[in-house]
Amino acid sequence: MDIVSGQRIGLVQKGELVFVESFDAWYSREHDRMIATLVLSTGDIELAVEGVDEACSRALERWKRISAMESPTGWVYRVAINHARRVARRKNMEQRVFRKQAPMPDLPSPAGELWELVASLSERQRQVVMLRHVAEMKENEIGTVLGISRGTVSSTLHDAHQRLGRLLSDDKEL
């Protein structure tokens, strides 16, 4: 039995009534931020929208289970990034098979020249930076999303910050 009360849903889990956030409330709060995070991680807005929408549809189907997780947004981001990777791999394979070179889309800079510096980071560093500073996830959540330890997240974030600091200081000297 589900009890709906505004932004919360009451679910009976293991014989207890537990109130969790409704999917609609969660979706309204997180959808745009997840797309922005995935765009900055992948560099492809269409891929980001497709990935987040696919992940959200899967979350809606399983919301009773997903909403009880420590980080529903982390689960959805993980599904979205996995979907984006699959689509990107498939697209890359098609390009190799057909010997086509698809040009990188000219994306608007969300943070001016800073995006160029962030784009120069490794994929993992870029993902960790975006999840931490755009999606506002904690290190343990990022580790869960990316399938790495919290220590690896911390180290990767530290290395990314150091590299960005060096790149920023190099730009100022020019």
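The following dialogue reads a predicted model from its overall fold down to single residues.

Visitor: Where should I begin with the overall architecture, and how many helices and strands does the protein have?

Guide: Begin with the order of the elements along the chain. In this predicted model the protein has eight helices and three strands, and read along the sequence they follow the pattern β-β-β-α-α-α-α-α-α-α-α. Of the 174 residues, 39% count as buried, and among contacts between residues at least 6 apart in sequence, 57% join residues at least 24 apart.

Visitor: How should I read the nonpolar core, and which residues have the most contacts inside it?

Guide: The general idea is that in soluble globular proteins nonpolar side chains tend to be buried together. Here the largest nonpolar core has 39 residues, and V76 and L131 are those with the most contacts inside it. Helices α1 (23-42), α2 (45-61), α3 (63-66), α4 (72-98), α5 (113-119), α6 (123-133), α7 (139-146) and α8 (150-173) each supply at least two residues of this core, with the largest share, seven residues, coming from α1.

Visitor: Which residues does L131 touch, if its neighbours within four places in sequence are left aside?

Guide: With those neighbours set aside, L131 is in contact with T37, Y77, E136, M137, I142, V145 and L146. Three of these partners, I142, V145 and L146, also belong to the contact of α6 with α7, where they meet Q127, V128, L131 and R132 of α6.

Visitor: How do I read the packing of α6 and α7, and why are they described as oblique to each other?

Guide: The angle between the helices decides the term: α6 and α7 pack at about 135°, with their axes 10 Å apart, and since angles over 145 degrees would count as roughly antiparallel and 65 to 115 as roughly perpendicular, the two helices are therefore oblique to each other. The crossing of α6 past α7 is right-handed, and the residues of this contact divide into five nonpolar, one polar and one charged. On the α7 side, E141, I142, G143, V145 and L146 are buried.

Visitor: How does the pair α1 and α2 pack, and which hand does their crossing have?

Guide: The axes of α1 and α2 come within 8 Å and cross at roughly 150°, in a right-handed crossing. From α1, the residues F23, W26, Y27, H31, M34, I35, L38, V39 and T42 meet I45, L47, A48, V49, G51, V52, D53, C56, A59 and L60 of α2. By class, this contact has 15 nonpolar, three polar and one charged residues.

Visitor: Where is I81 found, and why does it count as buried?

Guide: I81 is found in helix α4, and because its relative accessibility is 2%, under the cut-off of 20%, I81 counts as buried. Apart from its neighbours within four places in sequence, I81 is in contact with L38, T42 and Q127; L38 and T42 are also among the α1 residues that meet α2. The C-alpha atoms of I81 and A55, which are 26 residues apart along the chain, are separated by 8.8 Å.

Notes: Residues numbered from 1 in each chain as written. Predicted model: local features only at pLDDT ≥ 70, side-chain atom pairs only at ≥ 80, totals over all residues. Heavy atoms only, no water. Core = buried A, V, L, I, M, F, W, Y, C linked by side-chain atoms within 4.5 Å. Buried < 20%, exposed > 50% of the residue type's maximum accessible area, 1.4 Å probe, protein only. Helix = DSSP H or I, 4+ residues; strand = E, 2+ residues; numbered from the N terminus. Contact = heavy atoms within 4.5 Å. Axes fitted to C-alpha atoms, helices over the stretch in contact; angles between N-to-C directions. Parallel < 35°, antiparallel > 145°, perpendicular 65-115°, else oblique. Left-handed = near helix turned anticlockwise from the far one by under 90°. Nonpolar A, V, L, I, M, F, W, Y, C, P; charged D, E, K, R; others polar.
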